[in-house]
Amino acid sequence: MAAETPAAGGVHIVLARFKEEVTPERLDHLIRGFGSLVNLVPSMKAFNWGTDVSIENMHQGFTHVFESTFESTEGVKEYIEHPAHVEFANEFLPVLEKTLIIDYKPTIVNNS
């Protein structure tokens, strides 16, 4: 059996499907706003995003994924409560048709 080791940090994943009326310009503004949180929330270490490119067609309607990494799981909590995040979420959440949010602590699998 592979050895598992808890990794440092925490990860915040947002899967999203935007409402049809969201223009490309509005979407670009929102993505830039999401990314700017890394400069405003001290515990947030990185931000990545992308759109679904899978050939498996198992996305269940989700079109975008946003991944934020943190120094710790406590850092995710600090992020959720941070005024900059709260302000952004108040702008972001209303334009979503569907969302799924998961926070987790990564585990490293050592196959040797």
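Predicted model: local features only at pLDDT ≥ 70, side-chain atom pairs only at ≥ 80, totals over all residues.
## Overall architecture

The protein holds three helices and six strands. Read from the N terminus, the order is β-β-α-β-β-α-α-β-β. The C-alpha trace spans about 50 × 35 × 15 Å along its principal axes.

The chain has 112 residues, and 35% of them count as buried. Take the contacts with a sequence separation of 6 or more: residues 24 or more positions apart account for 80% of them.

## The α1–α3 pair

Helix α1 covers residues 24-36, and helix α3 covers residues 83-92. The two pack at an angle of about 160°. Their axes lie 10 Å apart. Angles over 145 degrees count as roughly antiparallel, so α1 and α3 are roughly antiparallel to each other. Their crossing is left-handed.

On the α1 side, the contact is made by R26, H29, L30, G33 and F34. On the α3 side, F88, E91 and F92 take part. By class, this contact has four nonpolar, two polar and two charged residues.

## The nonpolar core

The largest nonpolar core has 21 residues. Which of them touch the most other members? They are F18, F34, L37, M44, F66, Y79 and F92.

The largest share, four residues, comes from α1.

## F34 in the core and the helix contact

F34 belongs to the largest nonpolar core and is also part of the α1 contact with α3. Which residues does F34 touch, not counting those up to four places away in sequence? They are V14, M44, F47, F66, S68, Y79, F88 and F92. Among these partners, M44, F66, Y79 and F92 are also listed with F34 as core residues that touch the most other members. F88 and F92 belong to the α3 side of the helix contact.

## S43, a buried loop residue

S43 lies in the loop between α1 and β3. Is this residue buried or exposed? The relative accessible area of S43 is 1%. The cut-off for buried is under 20%, so S43 is buried.

Leaving aside neighbours within four places in sequence, S43 is in contact with T69, F70, E71, G75, E78 and Y79. One of these, Y79, is also a member of the largest nonpolar core and is touched by F34.

Key. Residues numbered from 1 in each chain as written. Heavy atoms only, no water. Axes fitted to C-alpha atoms, helices over the stretch in contact; angles between N-to-C directions. Parallel < 35°, antiparallel > 145°, perpendicular 65-115°, else oblique. Left-handed = near helix turned anticlockwise from the far one by under 90°. Contact = heavy atoms within 4.5 Å. Nonpolar A, V, L, I, M, F, W, Y, C, P; charged D, E, K, R; others polar. Core = buried A, V, L, I, M, F, W, Y, C linked by side-chain atoms within 4.5 Å. Buried < 20%, exposed > 50% of the residue type's maximum accessible area, 1.4 Å probe, protein only.
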